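We will take a few stops, each with something to select.

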Amino acid sequence: MKFKNFLSLKSLIILGFVIAVIPLFLAVMYAAFGMRETSALGRTVNTHVFEQTKTIRLVLQKASDIERKAKLFVLLSDPTLRQPYERQSYETVRASFKQALGDLLKLHVDNKIALLVNELSEKENLIYQQIIGSDDENNLELPIDEAFQGLRESAATLSREFENHVDHEFNELHQLSESLEHGLLVKGAVLLAISFGVIAVLLIVLSRSMRQLDLSIRRLGAGELAEPILVNGPSDLRYLGNRLEWLRTRLLELEVSKQQFMQNVAREIELPLASLRQDAELLAGETDYDPNSKRQATVLHLCANIEKLSAVSEELLRYSRINSLPDINRKESVNVKDLLETVVDDFQPVLSSKAIAIRTLARPVEIAGIPEQLRAIIEQLLTNAVKFSPEGGEIRVILRDAGTLMELEVEDEGPGIAIDERDHIFEPFYRGKAGDTGDGPGLGLAIVKEYVANHQGKVEVIDARQDQQGARIRVQIPLTGEN
């Protein structure tokens, strides 16, 4: 199938269509030829049988006329009573009888009918010789009844044999028609099978190329940029594959540049922070503790801001390394229910500090995933829910198996997420109105989105339940780790 590499998709479809139609066209032509041949043969047989039947009937009629004329001629046995035209009439009927027999033999009847025709002619000659011989000697001897009986029996035998011959001809025509029909069905089935085979090969070639394109696009969407993109098939589909490969290398370069940029920013932030942290600690150690001292308050405020900047630096490093280590992206079977219960237990102190109740409805779900990233997804969603929930509020967590997907929903009773912010909430460094007063650089949900994408899933903000106004975030991940 190397020739397909030199054809475009359009040319391959046209070529496949032509190759598939040719056997169908041959099948139709063969059917038309077979029908025409059968029809022509039927017309020939019908015409031949019709001519033979008409001649046979004429022969039988003339035989009857011969018998009637011969008997009449015999009854007028006295030459003085017999009119001259009687013999002429007899001779005329006899000549007509001989002509009918000759016409029948010219129709190429089979040997058995030809023998019966000759036998009928001989018996008629015998009657004629008896009648004419007696007439010439003026001593007419009437033909015995057996001669006329033999003539009638020969005529009846000829009639029966011809009927058998007609039945045989039509039986042969019927068998030939069935044979042609069977051959037409067999050859038509073979040609149709060839057409379907060509169509199947064409579909296999195209579907394989389309699967390769689909898989390549999905890998790009999931951020799997390590493997090169190779698409086989028609030239225009291979061209699309080459463009996707160019896009992959471009995205890989951008990903590397982004990681390097964030790592450089994080390092540039961390170095001054380390120096500021040392100076702040030294300043705090030199200052006597006094709650009312402005200097002491400034030192504490400085230390708190240093810690916030340090957390931002760590988040930047964490975000930049999401896809930088392929070894951690090896998937394994994960019991998400057990993982969820472990994370909820770890959050109990934080929940207790704000008197927040958590209600979980979790069913056993196992997926192929990366345990560290799945744990980070749950932790980040619970962190946001705790952060924006009021004291004494409630967080609802649902984990279920939705057919081929795992669904995880986390809902809080906070201020919620505005509809116009839902498309931006998962962007890096984006902080909505509800997060203006919060801590952190705004990378939490961006990291969640990246981790979910690594599992070929999706994360989205959906409408809150009835009589609720908090944020409700749903994560969907395929159970097999493939979309």
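Which ring does the charged end of R243 sit over? Select R243 and W246: the charged end of R243 lies over the ring of W246, 5.2 Å from its centre. Such a placement counts when NZ of Lys or CZ of Arg is within 6 Å of the ring centre and within 35 degrees of the ring normal. Next, pick R94, which lies over the face of Y128, 3.8 Å from the ring centre.

A note on the model: it is predicted, local features need pLDDT of at least 70, side-chain atom pairs count only at pLDDT 80 or more, and totals for chains, interfaces and linings use all residues. Residues are numbered from 1 along each chain as its sequence is written, and side-chain values use heavy atoms, leaving out hydrogens and water.

Select M406 and look for its contacts (heavy atoms within 4.5 Å): beyond four places in sequence, they include V336, I367, L399 and V475.

Last stop: I358, which is partly exposed at 23% relative accessible area. Setting aside neighbours within four places in sequence, I358 contacts V344, Q348, L351, L382, I395 and V397.

Methods
Buried < 20%, exposed > 50% of the residue type's maximum accessible area, 1.4 Å probe, protein only.
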